[in-house]
Protein chains: 2
Amino acid sequence: MGKYLRLAVCVLIALGIAAFAVSDGGAQKGELQNGVWRAEYGKPAQFDLLDAVQFTPDKAGLDRLPKAELPIKIDDVAFQLQDGKVYLRFPLERDEQIYGLGLNFKKVNQRGTIRTLRMDIYHGRDDGRTHAPIPFFISSRGYGVFINSARKIDVYCGTTQLKDSPNASPERDRATDPKWEARPYSDCLEILVPQSGVEVYYFAGKDVADVVRRYNLYFGGGAMPARWGLGFWHRVPLKFTDKDALREADELIAKGFPFSVLGLEPGWQSNSYPCTYDWDKERFPEPAGLIGELRKRGIEANLWMNGYVSKKSSIYDKLKDFYADHTVWCGAVPDYSMPQVREIFIDAFKKNHLDIGVGGFKLDENDGNDFWLYPDTTIFPSGISGEQFRQTHAVFMARMINDLYERNNRRTFSLVRGTNAGTNAYPFVLYSDYGNHKDILTAAVNSSFIGTLWTPEACNARNADEWSKRIQSVAWSPLAMLNAWASKKKPWSFPEAEKDVRETFQLRARMVPYLYNAFYKYHKEGVPPLRAMVLEESFSGLLKNGGAKLSDEYKKLAEDVSDQWMLGDDILVAPMLGGQSSRKVLLPAGKWFDFYTGKYAGSAEVVSVDFAANGNRIPVYVRDGAIIPMSAAPDLKCRKLVLRHYGNLPGKLNLYDDDGVTFDYKKGNFAILPAEVDVSPDGKKTGKVGPELKNLFNYDEAEFEFMTK
Amino acid sequence: MGKYLRLAVCVLIALGIAAFAVSDGGAQKGELQNGVWRAEYGKPAQFDLLDAVQFTPDKAGLDRLPKAELPIKIDDVAFQLQDGKVYLRFPLERDEQIYGLGLNFKKVNQRGTIRTLRMDIYHGRDDGRTHAPIPFFISSRGYGVFINSARKIDVYCGTTQLKDSPNASPERDRATDPKWEARPYSDCLEILVPQSGVEVYYFAGKDVADVVRRYNLYFGGGAMPARWGLGFWHRVPLKFTDKDALREADELIAKGFPFSVLGLEPGWQSNSYPCTYDWDKERFPEPAGLIGELRKRGIEANLWMNGYVSKKSSIYDKLKDFYADHTVWCGAVPDYSMPQVREIFIDAFKKNHLDIGVGGFKLDENDGNDFWLYPDTTIFPSGISGEQFRQTHAVFMARMINDLYERNNRRTFSLVRGTNAGTNAYPFVLYSDYGNHKDILTAAVNSSFIGTLWTPEACNARNADEWSKRIQSVAWSPLAMLNAWASKKKPWSFPEAEKDVRETFQLRARMVPYLYNAFYKYHKEGVPPLRAMVLEESFSGLLKNGGAKLSDEYKKLAEDVSDQWMLGDDILVAPMLGGQSSRKVLLPAGKWFDFYTGKYAGSAEVVSVDFAANGNRIPVYVRDGAIIPMSAAPDLKCRKLVLRHYGNLPGKLNLYDDDGVTFDYKKGNFAILPAEVDVSPDGKKTGKVGPELKNLFNYDEAEFEFMTK
């Protein structure tokens, strides 16, 4: 009280304005890699996001991208230190759109939003509290900006108005002027980073897709999952024993629901919440035996865990010098930022889990919900603040498990509930317990902008219709998981949907060659396996160039395409929701064909699809001329390929293949199978497969199927 | 990247733990006033909450309170500077409850909650974003703590667990132990203030009510509203002209709905959103004439405004050196923290509004919703940061209007959508556009802990039942407002409810003597006119002392009484919701009587009330022996008092009275009317009114009405 002096206000005003006018941009600007720049504003913090993740830029991959320049000058980004924080302001043009800004669930286009990026479970609002609060945005002008800070960052994305902006709207009278707007036009994106300096990375690209690829390649390219990770996943109840688990696996197999990952929930441990990470001796007396039995059936085990350590754990004492001062569920919180901590886990996990064949983990509750996490007041032995630790906890845990597998030349495909920037090379997929189906589909679309993978897992449904549609949605995503143990649902729980669900499981198993190829492209070229429509050239190019020819309905729907996506190069997926009998789909430029029948579906138009008339299947389309490599049987071990050709254009395919489980592909131990379809002037189609077929790891036979008659 | 050094981890651990153990408490501790202490932790900020509000502690009032000691030692509050922030930790005992922590809408008892206190419109969650983010909490042990910071403060109220706490729960196994808890026991309240030092005020009290009184008296005691502010309020549509307004006033009067304040919405101004604050010459060619006509009818005008200035305003240029660098609705944002700015407004408002008789203002949109406010990046000429300005903007505006009236020896009763600490002496009532009826009732209850007033205004209803109940709820609150112009509802809009609504309006007008007395007690003794049940001695004392005799149902319901309150000394109000046909009410110790009939209702028990059987009236009860002063007619000018006596105990009343509109009462220009009811051994009741009746300002006749036969 009374400490605030109001003297010399005019002087302060002058200083304030002067300070604001000063914007010397970031120091130390230089092109780090082809199309990637780094700028430093003020004095960056001791600990930032990229201190949590280990990555090596894929220089070769970046160099293969065409040269690109930033459409803005880095010097034109306004910067100042303000109230002890870094203030940055980016210009926005009238038609510019912004993507990214964390994993969002409601909209794809982020212009007009306000958020504080904060690691948390998603709770129904795009306010920045999310499983992946990645401070990265991409402009439709062709550039991306990554703010390397582990603080809670405020982002005003085209919502604010500067008084002296030349683009300021004229004021209007709310009472009488029908043109009055509740949200006047904004020409800038403003960011406040609550630390006294920050590193910023700028990524150029000819379009949004190109920026995404550059971001992903800068952080080492996308992850190559273990091949078995691409079949269906199934998780079993809390208190299952080894016998229960095996019985359930056999039941799925017997009923014709092929799957390749079985998830064990907390009860595999002798104590959970907090965790021992030790097998429960009563329920799982011989874990190696169980895992061996599962693997005989082509099924890998995935083990649930969270990061809070029980006093009963065999590693509790080893970790005792590294605990934070707060507990979670009465469990100690090791400082996962410390290499010593991760090594203790890695040692124990190698012996107890990896060596007996465990395929991966589900890293739960590293993301928040405030009540189920340490507070920001927590003291960690490394000195990282509670706020920063929360932003990166999940990254450190994924890094630990990644190290465990990588060092043993074994690949995994695992789950994690949170992540942050630069982790695209880690083979982890995000999930949540958030049930809104529409929202988790939008999250899948948005995951593709920020170097993350997301599974819209099927946990429950009110009826057969919803069950079938949820399972179909997730089947056409990077990780097809049934996580319905808590709701006690089995694949066949709704008899009316049983046939459709079985077909979906079987189809997913058959899609593994195609999906694996898509992941290789993620790894090698930075192209996400699941892509927002705006990342598809035949869609974004159409809007840019052919806008005039498109129907008004198309243009309207194209403003925010949150419910359809591309899966791999050539497949367009349009999920449906329970209760939805029909939907509209935006088809990009070129001709598109029905995945199931091969029939022509349309071109650069809005098509309306009836679920029942579509054979109770969600709409899935294939690009003209595409060759879709599938397995002949719904079995990941099936060695016969079916190469489906769609449409009437000639097609080409390069099918990637390797051993599926080791990192030997990094040493060149992989194969590429070329395949081609020629179309003669009279429309006759002929398929040709390269002689490399004999060198493949997983296939030794291939046949063409011409889907479009 | 790479800036974070992982050397010497052991040293860091040692330092971390050492730092945590150091807790020398706040410096400069000393008793400021009877039962009020101030402690300083670190180096407080240049600008804090109490720099926004002007107040003078009511030393005489504080000295009248019994001496009280803090139940904790200030030295036992853990303090450290951590991550550049002030960390404070308060101990919690097993049965301790916490109240306050801003204006909350869901629960009364705040133990077990987490929030970041931030000025904002309420948006459905008690996460700290609220119209009154006041960093003040009260413990059931009998003390209160106020954190004098205008930053966003994190509060973990009994949700966190320290690893080495002697009260830590034993760990359990979620899979097998039915006693496993999702939220383990917490023995502390932790606070993080993001600045390098802070002032903290400690208030002692024998119970929660005593702490509240002390807090209110420290900040000058409660506001004395203009007496006319206690009748019903009615607001009229956006584009109304002076003639429309007068016609609507006459229609209400003619139909028997007495009211004393007419609110004009934005259209009274020549431009709004942004505002001119100048009368629109077409719709209001002669404002003085309109106001004079209204006042002839006993109605005062209240003018809507927000703080964003139109270029067309007569004061735009005068303010030009004091604008922030961002606009809101294209309007300039004056720095209301600067005295120069407030003086420009005060000058203009005196001439244009006060001098022609305007009774008060509705200060809108000073609270947030992010999209309808300047961002935290805003630069204000005073140097106050955007974050801090937002926390206090509403306080500065209320202070400005308060100064306007006070200097002219005129009282007002006005509306403001936000407030912060220490403003209880300002005659402003909070409101919102948030419609959930249950929640706004809980807000009314919670407003009583933090020195604020809140109106659960009636804006709309789906049907007659809800309409009647909403209007009855607000009628038994500090400010009875119909704010239904946007939903186009009139008091008589639901014919089935018209009679009940009319009776409610009339009853409110008759209650003004009682309500005015309650406000005097707020002013003089710090007792809020509307009180949470825990602030009522006959309730909190019952729980403390008579717990064993209470039914289990009573004890269960008593844990969080969010839907009934005390209004003034002796009336207990139990609002009901649309669709609710009956409700349960907790009656405190002593006997309680039905307000409408005088019949005995119960004592220290849960009673169930049927709305229809209760005459379509919400339950309202009166304490045994209470004398309720009412007006004989539903007219604020009626000079005859009816003194209703309830129950069978003798009663006493001191009725406060003054001119109702000036501050002359501060110079002793007021009267107190004593009244008494004696009960003879055979049960005969006799009423006696002091001879002071002839000296009263508003009354010259009084009669007793013995309600209980």
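## Helix α3 of chain B

Helix α3 of chain B spans residues 208-218 and is mostly covered. Ten of its eleven residues are buried, meaning under 20% relative accessible area, where over 50% is exposed and anything in between is partly exposed (1.4 Å probe, protein chains only). Among the buried residues are Val208(B), Ala209(B), Asp210(B), Val211(B) and Val212(B). Arg214(B), Tyr215(B) and Tyr218(B) are also buried. Helices (H or I, at least four residues) and strands (E, at least two) are DSSP runs, numbered from the N terminus.

At the start of α3(B), a side-chain oxygen of Asp207(B) comes to within 3.3 Å of the backbone nitrogen of Ala209(B). Just after the helix, Gly220(B) has a positive phi of about 95°.

## Basis of the model

This is a predicted model: local features need pLDDT of at least 70, side-chain atom pairs count only at pLDDT 80 or more, and totals for chains, interfaces and linings use all residues. Residues are numbered from 1 along each chain as its sequence is written, chains are lettered from A and ligands numbered from 1 in the order in which they are written, and side-chain values use heavy atoms, with hydrogens and water left out.

## Where the two chains meet

Chain B places 96 residues in contact with 96 residues of chain A. Contact means heavy atoms within 4.5 Å. The area buried between the chains is about 7800 Å²; this is the accessible area (1.4 Å probe) that two parts lose on being put together, summed over both. Carbon and sulfur atoms give 54% of that area.

Four salt bridges are counted between chain B and chain A. A salt bridge is a side-chain nitrogen of Lys or Arg within 4 Å of a carboxyl oxygen of Asp or Glu. One joins Asp83(B) to Arg151(A), with the closest N and O atoms 2.7 Å apart. On the side of chain B that touches chain A, strand β17(B), residues 323-328, gives the largest share, five residues. That side divides into 41 nonpolar, 26 polar and 29 charged residues. Here Ala, Val, Leu, Ile, Met, Phe, Trp, Tyr, Cys and Pro count as nonpolar, Asp, Glu, Lys and Arg as charged, and the others, Gly among them, as polar.

## Strands across the interface

Strands also link the chains. Strand β11(A), residues 161-162, runs antiparallel to β17(B), joined by two bridges. Two strands pair if DSSP finds at least two bridges between them. Gln161(A) has Thr327(B) as its bridge partner in β17(B).

An open sheet of three strands has the order β18(A)-β17(A)-β11(B), with antiparallel pairing. Its edge strands, β18(A) and β11(B), each pair on one side only. β17(A) and β18(A) share three bridges. Thr327(A) stands opposite Ala332(A), and Val328(A) stands opposite Gly331(A).

## A buried serine

Ser186(A) lies in the loop between β11 and β12 of chain A. Ser186(A) counts as buried because its relative accessible area is 2%. A polar atom of its side chain lies 3.3 Å from the backbone nitrogen of Thr159(A). Not counting residues up to four places away in sequence, Ser186(A) touches Arg111(A), Gly158(A), Thr159(A), Thr160(A) and Gln161(A).

Key:
Polar contact = N/O pair within 3.5 Å; in protein donor to acceptor, adjacent residues only side chain to side chain.
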